[in-house]
Amino acid sequence: MLRLSLLGPPRAWRGGTELALGPPQQKAVLVALLLRRGRAVGVGELVDGIWGHDPPAGAVPVLRTYVSRLRKVLEPGRSPGAPPRLLVSIGDGYALRTEEITSDLGEFEDDLVLAERHRARGDSRGAARLLDTALAGWHGTPLTGVPGPFAETERARLAERRLAALEYRLRVELELGRHEAVLPELVALHAAQPLREAVCELLLVALYRCGRQAEALEVYTSTRRTLVDELGIEPGPSLRAAHARLLAGDPDLSPPPVPVPAVDTGAADTGDGPDTGSADTGAADTGAADTGAADAPRRDDPPRAAGDVHPSQLPADLPLFTGRDSELGRVDALLPADGHPDTAVIGLINGMAGAGKTTLAVHWAHRVAHRFPDGSLYVNLRGYDQAGSVMDPSEALETFLVALGVAPQAVPEGLDAQAALYRSVLARRRVLIVLDNARDSGQVRPLLPGTPGCLVVVTSRSRLTGLVAGHGAHPLTLGPLTGDEARAMLTRRIGTARVDAEPEAAEAIVGLCARLPLALAIVAARAAHHPGFRLADIAGELRETHGSLDAFTGGDAHTDARAVFSWSYRALPPAAAELFRRLSLHPGPDISTASAAALAAAPARPVRALLAELTGASLLGEHAPGRYAFHDLLRAYARELADTEDTEERRGAALLRMHDHYLHTTHHASAIISPRRETLPLPPSTTDSGPLRFTGRRQATQWFRTERHVLRAVVQHGAAHGYEDRAWRTAVGLDLYFDRLGFWHDLMEINSAALRAARAVGDRVGEAHALRGLGFFHTRFAHSAEARRDLGRALELFRAAGDGPGQARTRRCLAYQANGEGRFTVSLDHYTHARELYRAEGNVGNEALVLNEVGWTYILLGEHDRAMEYCEKAVALHQETGDPIGEAAAQDSVGYALHHLGQYGGAVERFERALALYREVGDHYLEADTLRHIAESRLAAGDREAAVGAFRAALALLEENSHPEAADLRETLRDLETSGPGANEPGPDGP
């Protein structure tokens with residue numbers, strides 16, 4: 001029996017012997033005949049299929065030569081003169097008899113048919129197993145290396161068949177309730193296929209069932225934006241219906257029906273439940289657009305933690321994971337055979353750099369995640385980060401608390417308070433927690449749960465004996481792979497045939513890599529990308545680069561140039577090698593394509609190609625589309641190269657471009673979000689830093705959200721490494737957005753670094769801006785004395801510098817703080833001074849903002865008629881200056897005053913004017929806020945139905961933007977037991 005493989009590079013075997021199929025065009029003939037399934041193919045059609053419409057001279061004789069050679073390969077025992085049995089002549093063409101031929105493509109299609117039969121009988125588990133088997137038969141891109149238009153068309157068709165089968169399997173898995181298991185695969189598939197609506201629907205279902213409703217909403221929003229921007233179309237009816245069910249919180253959400261994969265019908269109607277709190281979101285201004293205080297909980301209010309939030313933060317499992325059977329058995333022993341742990345279990349995986357600690361921890365975590373129904377948490381503690389950005393336990397706790405449903409603003413200040421809340425939220429929950437790359441026991445202790453039922457897996461290069469002695473951690477020291485495991489890893493990555501062809505060379509490579517997974521992965525990546533390289537040549541190159549990995553085994557990442565790293569690095573083109581060094585200068589936890597382009601002083605398009613070169617060589621990881629990160633050891637190696645191969649001048653120029661990039665991008669994004677806010681004069685960029693430009697608020701907001709941790713690291717780096725002017729100016733541009741989202745802990749650190757930077761260079765204006773920011777965020781944390789101290793000093797510095805706008809904004813911050821303490825007379829005095837300062841500057845727009853804030857102060861005093869007077873003046877001034885956002889804020893405030901006066905019809909009329917203006921400018925959060933005000937007035941007037949409609953419209957907008965206030969609004973909708981409008985003071989447009 002003859003067996004052919006098409007789901008990868010074409011190959012053929014007779015019995016156990018592989019056949020040589022000849023040159024690429026000869027393989028193209030065989031492929032064309034096989035895929036016609038026994039039907040005749042004319043000579044002209046074969047010529048066109050192999051060479052296209054411009055074949056070479058003599059194409060037909062060459063084709064007949066290929067057929068003759070294929071007959072000898074396929075029927076080597078045929079007697080001279082005997083007619084061929086397999087590849088036969090029919091008319092002017094040929095046909096391949098397939099009765100005696102099997103193929104992986106045929107088996108794939110048979111498995112699909114059987115899977116559908118099993119599912120039709122109700123045996124979804126059997127169907128899933130068959131689909132797994134079918135997909136496991138694929139060995140890469142189908143028909144790899146086969147030339148010609150016919151092969152190109154068939155490659156696309158087969159790739160679509162595989163994708164349809166993969167979607168089918170994922171649907172069946174969801175039908176079986178395996179949403180957590182398939183979620184990482186769905187996330188990766190959606191990233192690879194952003195325009196495929198069926199995949200988006202499946203991902204919505206999986207995210208919903210994992211308790212990640214906010215992320216489901218973000219997935220839909222991102223997919224819709226991609227479809228509109230790239231294709232000019234809206235999502236199809238099925239995906240739109242899924243989104244509608246998601247917004248409605250459909251309690252009967254079930255997986256979409258499973259269609260037969262032969263016809264890609266897309267996913268059926270799906271939905272998603274309501275958001276119960278999400279990370280990276282926070283309360284925005286209310287009462288006045290861009291001038292209101294965030295809707296922060298009072299300090300004595302309980303934190304809002306949604307009990308049904310089930311985070312699923314594990315990174316994707318490595319598909320090519322190999323070996324470590326003994327170690328997996330030892331970690332398996334940490335859990336009881338059945339059920340869940342009745343104590344808090346801690347597993348500690350330690351070992352040398354590059355040994356695969358993270359890979360093992362993540363792989364095992366995926367194996368046991370189903371036993372922890374309340375979710376999984378993951379954080380990279382960056383314990384050995386060479387840029388010095390080791391994660392503080394407080395930062396990790398904030399990330400975990402938000403993931404568990406606590407609003408960002410409700411995260412308390414101070415490590416002890418955060419740890420106490422974290423332990424309380426985890427009480428009576430069963431959560432899997434992976435703490436990766438820990439530096440020491442002190443970094444880990446605050447992140448340990450305080451009650452039984454959870455499992456903590458820690459990885460570290462250190463032994464962390466404090467965890468073992470003090471907390472009963474179970475240590476597992478991870479060394480190099482065994483010889484068999486290392487050979488298996490190499491084989492799985494480059495193929496059995498290649499290893500079997502040169503077993504001695506393969507053994508040499510394993511030894512030269514010291515059986516370390518990271519080193520083997522890099523070598524295998526290089527070999528896989530160059531299938532023509534002999535393994536013996538690869539081993540020879542490794543020997544030439546010292547043939548030693550003593551630096552790994554000695555536990556010191558800095559004592560020698562690692563053989564494998566230097567070998568891979570020297571194989572890079574010069575431009576990619578230079579980018580490799582440049583990226584090591586970046587201080588953040590990951591790097592965007594745009595910031596890489598700034599470091600490289602090159603346009604984004606060629607830089608993308610260089611980044612692909614680095615990821616292809618396994619010298620850089622792409623953990624999200626367009627987001628790149630180093631392994632700790634590779635970052636250290638790249639930084640060593642930068643220090644030795646680049647001059648200090650070149651490194652400094654690259655860092656200056658990077659800081660310019662973030663400075664100008666930050667201020668452009670801030671101006672898009674709040675176009676009327678006073679702008680900070682920026683020094684003209686003297687570098688080709690390629691700052692980003694944004695076309696709308698949503699795009700600017702998404703950039704801030706994505707770059708949150710990077711921006712904090714950039715400011716801190718600038719303050720510490722000679723870029724002080726950029727540091728404090730970047731910090732000023734971050735205040736508004738970070739405040740709205742409730743990232744107050746971040747802002748305290750950012751403004752503290754900005755203050756150090758400004759003082760280091762003696763910049764009094766920069767010092768004033770930093771102090772104003774610190775003072776405002778002390779107000780957020782109810783630190784009255786510290787807030788008055790810093791804001792008072794900022795006011796003095798702005799006054800000394802003759803900076804009127806700076807004084808006015810600081811006065812507004814002081815007024816906001818005074819209102820929060822009930823000192824309304826003091827507040828009104830500050831507002832009077834701020835208004836005079838704006839008048840002196842001729843700034844009518846900001847004078848109108850102050851009038852609105854004065855009106856709000858009178859609302860707090862209960863003097864609603866007087867509030868109306870000031871807010872109406874604000875409306876008129878905003879109309880005069882043509883500021884729709886300012887007018888909307890003032891109209892909203894007038895509506896509030898009317899509501900409190902019992903004039904509900906008039907209040908609704910003003911709210912609706914504000915609503916129209918917010919819709920005009922596309923501010924969805926403030927649109928939702930005004931809808932809530934309308935609902936409250938409708939409800940007070942006795943129109944329950946209209947109130948419910950307005951509340952639902954507001955909820956839809958909040959959930960679309962993953963806002964934590966959605967949780968409170970859902971509560972309101974559930975019982976409509978409101979206690980009044982719950983006014984929020986319009987504040988000073990952030991700090």
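Helices (H or I, at least four residues) and strands (E, at least two) are DSSP runs, numbered from the N terminus. Counted that way, the protein chain has 43 helices and 15 strands. This is a predicted model, where local features need pLDDT of at least 70, side-chain atom pairs count only at pLDDT 80 or more, and totals for chains, interfaces and linings use all residues. Residues are numbered from 1 along each chain as its sequence is written, and side-chain values use heavy atoms, with hydrogens and water left out.

Let's begin with the whole chain. Of its 991 residues, 57% are buried, where buried means under 20% relative accessible area, exposed means over 50%, and partly exposed is in between (1.4 Å probe, protein chains only). Now take contacts, meaning heavy atoms within 4.5 Å. Among the contacts in the protein chain with a separation of 6 or more, 71% are between residues 24 or more positions apart.

Next, the strands. Strands of a sheet pair through backbone hydrogen bonds, either parallel or antiparallel. Here, two strands pair if DSSP finds at least two bridges between them. Start at strand β1 (residues 2-5), which is joined to strand β2 (residues 11-14) by 4 bridges, with the two running antiparallel. Leu-2 has Arg-14 in β2 as its bridge partner. Together β1 and β2 make a hairpin with 5 residues between them, and Gly-8 in the turn has a positive phi of about 150 degrees. β1 also pairs with strand β7 (residues 101-103), this time in the parallel sense, over 3 bridges.

Moving along, you meet an open sheet of 3 strands in the order β4-β6-β5, paired antiparallel. Its edge strands are β4 (41-42) and β5 (87-90), each pairing on one side only. β5 is tied to strand β6 (residues 93-96) by 4 bridges, and these two run antiparallel.

What lies across β4, β5 and β6? That would be helix α1 (residues 24-35), which runs at about 70 degrees to β6. Axes here are lines fitted to C-alpha atoms, for helices over the stretch in contact, and angles run from 0 to 180 degrees between N-to-C directions.

α1 also meets another helix. Two packed helices are described by the angle between their axes and the distance between the axes. For α1 and helix α6 (residues 149-175), the axes come within 10 Å and cross at roughly 55 degrees. The two are therefore oblique to each other; angles under 35 degrees count as roughly parallel, over 145 as roughly antiparallel, 65 to 115 as roughly perpendicular and the rest as oblique. α1 passes α6 in a left-handed crossing, a label used if the near helix is turned anticlockwise from the far one by less than a right angle, with right-handed used if clockwise. In the contact, Val-31, Ala-32 and Leu-35 of α1 meet Phe-150, Glu-154 and Arg-157 of α6. Sorted by class, this contact has 4 nonpolar, no polar and 2 charged residues. For those classes, Ala, Val, Leu, Ile, Met, Phe, Trp, Tyr, Cys and Pro count as nonpolar, Asp, Glu, Lys and Arg as charged, and the others, Gly among them, as polar.

Two arginines are worth a stop. Arg-37, in the loop between α1 and β4, has a phi near 55 degrees, a positive value in a residue other than glycine. Arg-37 is partly exposed, with a relative accessible area of 45%. Arg-324 has a positive phi too, near 60 degrees, and sits in the loop between α10 (237-247) and α11 (325-332). Is Arg-324 buried or exposed? Arg-324 is buried, with a relative accessible area of 3%.

Further on there is an open sheet of 3 strands in the order β13-β15-β14, with antiparallel pairing. β13 (591-592) and β14 (621-624) stand at the edges with a single partner strand each, so one side of each is left without a neighbour in the sheet. β13 is joined to strand β15 (residues 627-629) by 2 bridges, and Ser-592 stands opposite Arg-627 in β15.

Last stop: helix α28 (residues 648-673) and helix α29 (residues 697-706), whose axes come within 9 Å and cross at roughly 135 degrees. These helices are therefore oblique to each other, and α28 passes α29 in a left-handed crossing.
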